Amino acid sequence: MRETIRFAWGANSLGDFVVAMSNKGIVALEFSSMRTAMEDALSIRFAEAELERAQQELAGVIETVAGAIDDPAKVCDLPLDLRGTLYEVQVWLMLREIPAGQTTNYGALAAKLGSRDPRDATAAIATNPIAVIVPCHRVIKKDGSISGYRWGVRRKRALLAREQRVVGE
């Protein structure tokens with residue numbers, strides 16, 4: 001029996017986003033305004049699965065995710081189905097341990113993983129398929145500057161600013 005991956009679209013102040021879920025939890029949360037291209041990318045990523053649009057069924061999930069994007073300091077307890085190499089999943093779980101309003105850098109993350117070379121950690125962060133809930137936006141350069149973000153530096157700045165505002169209250 002083929003696995004079913006359900007997906008739905010949402011929108012908020014940072015733009016359109018898609019959430020894809022297995023029976024275990026979220027497998028993807030990505031920002032994109034190019035819906036057809038994103039749905040094609042999901043079809044390729046989950047080629048062994050039946051991809052099913054489930055806008056009504058996932059309405060509550062979309063609402064929760066939109067709230068998490070608007071307030072990334074808020075705990076989002078939606079289940080996740082992290083799919084990657086053992087190393088990638090380890091990195092993504094470490095990202096979830098970074099408190100809202102705080103940041104770390106690629107080198108510090110690599111050191112915590114037992115490596116002096118931040119490139120492996122950087123590569124794992126770059127493949128993170130779950131925006132905001134797996135907060136890769138909380139990783140910055142060693143000098144404190146904001147580096148690239150899979151979904152745009154503008155979004156990364158906005159997410160970090162929102163966390164600073166909420167934590168500062």
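**View 1. Crossing of helices H3 and H5 in the predicted model.** The axes of H3 and H5 (lines fitted to C-alpha atoms over the stretch in contact, with angles from 0 to 180 degrees between N-to-C directions) cross at roughly 80° and come within 9 Å. H3 is therefore roughly perpendicular to H5 (65 to 115 degrees). Tyr 87, Glu 88, Val 91, Trp 92 and Leu 95 of H3 meet Asp 120, Ala 121, Ala 124 and Ile 125 of H5 (contact: heavy atoms within 4.5 Å). Helices are DSSP runs of H or I with at least four residues, strands runs of E with at least two, numbered from the N terminus. Local features need pLDDT of at least 70 and side-chain atom pairs 80 or more, while totals for chains, interfaces and linings use all residues. Residues are numbered from 1 along each chain, and side-chain values use heavy atoms, without hydrogens and water.

**View 2. Surroundings of Leu 95.** Beyond its neighbours within four places in sequence, Leu 95 is in contact with Leu 109, Ile 125, Val 134, Pro 135, Cys 136 and Val 139.

**View 3. The open sheet of four strands.** The strand order is E3-E2-E1-E4, with mixed pairing (two strands pair if DSSP finds at least two bridges between them). E3 and E4 (50–53) are the edge strands, each pairing on one side only. Neighbouring strands are turned by 25° against each other on average, direction ignored.

**View 4. Strands E2 and E3.** E2 and E3 pair in the antiparallel sense over five bridges. Ile 26 in E3 is the bridge partner of Met 21. H2 packs on the sheet and touches E1 (4–12), E2 and E3; the direction of H2 makes about 130° with that of E2.

Technical notes
Angles under 35 degrees count as roughly parallel, over 145 as roughly antiparallel, 65 to 115 as roughly perpendicular and the rest as oblique.
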